[in-house]
Amino acid sequence: MTRFGALERFEILGAVLGGLWCGALYLPWFGIGGADGGDVTGAGLIDSAWLPLVIVAVASALLLLDALSIDGFRSLPVPAISTFLMPVGLFYTALFLLAGEDIMYGAWTALGLSAGAVLFAALAWITDRRG
Amino acid sequence: MDLQGISREQKELGAAVCMLLFIISLFLKWQTFGPISGSGADLGSWPLALLIALAAGGIMAADALGMDLPIRRMNPTSVATYLMSLLVFYVLVFMFAIDGISYGVWLALLFSVVGLVLTFSVFRQDTR
């Protein structure tokens, strides 16, 4: 069985939390304001929700592929790139948490997941820099 | 455009001015949809964009004026570059979402991108 080092463990945790944040976009974030009067998901808040979704998905995929040592990614500074991209999810979540009312569990879940993803991506970057 | 002819301090002050103009653009017309119009400050999250622009512009102005910043362990220009990239993301998210975008959004995009380019240029100089 493959044993992962600290770098790979941080990368996998960051990738999993980033992936879960993408899923949390489809949970109810706010209770009022939907077109049908129902709950509003993170993805339904704004037409451009695909933009942070794509950015966080790319950051997560890069971390996962790097942790699994896919050869094509060896030349890229993956932890640094992912540390740069991952906070976009946290920023997007914070934007709407600050502005919204009647916040539901989906928004808090997304906030926790994005904060965790940023933390582990940053830890992977720090570990990578230390060699 | 050749940025090498511009001094480091000029680039930093230019980026700080861009952040000031970005803040002003938040109060201009971002959307015109029939009889309805709204500014960037009508978005609930605009104080966050304002704080980020103030922080990024303040860092660049302080660095240009040779003031000591309380971020000892981090390169100030890397922090400012990152903050400005978040502002570009902020504007793009709303550009893609708003119907009937108006001149204020274009100005906000222009100032955030020019600020980012200038700051990134200083950051590249620092890391070489």
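User: Is Tyr92(A) buried or exposed?
Analyst: Tyr92(A) is buried at a relative accessible area of 0%; buried means under 20%, exposed over 50% and partly exposed in between, with a 1.4 Å probe and protein chains only. This is a predicted model, where local features need pLDDT of at least 70, side-chain atom pairs count only at pLDDT 80 or more, and totals for chains, interfaces and linings use all residues. Side-chain values use heavy atoms, without hydrogens and water; residues are numbered from 1 along each chain as its sequence is written, with chains lettered from A and ligands numbered from 1 in the order written.
User: How many aromatic pairs over all chains?
Analyst: The count is 11. Rings of Phe, Tyr and Trp (its six-membered ring) pair if their centres lie within 6.5 Å; planes under 30 degrees apart are stacked, over 60 edge-to-face, the rest tilted. One of the pairs is Trp21(A) with Tyr92(A), edge-to-face at 6.2 Å centre to centre and 90 degrees between the planes.
User: What does that pair tie together?
Analyst: Trp21(A) is in helix α1 (residues 6–24) of chain A and Tyr92(A) in helix α4 (residues 87–99) of chain A, so the pair ties together parts 71 residues apart in sequence. Helices are DSSP runs of H or I, at least four residues, and strands are runs of E, at least two, numbered from the N terminus.
User: Which residues are in the cluster?
Analyst: Ring pairs link Trp21(A), Trp29(A), Tyr92(A) and Phe96(A).
User: Switching to chain B. In what sense do β1 and β2 pair?
Analyst: Antiparallel, over four bridges, between residues 29–33 and 36–39 of chain B; pairing takes at least two DSSP bridges. Lys29(B) stands opposite Ser39(B).
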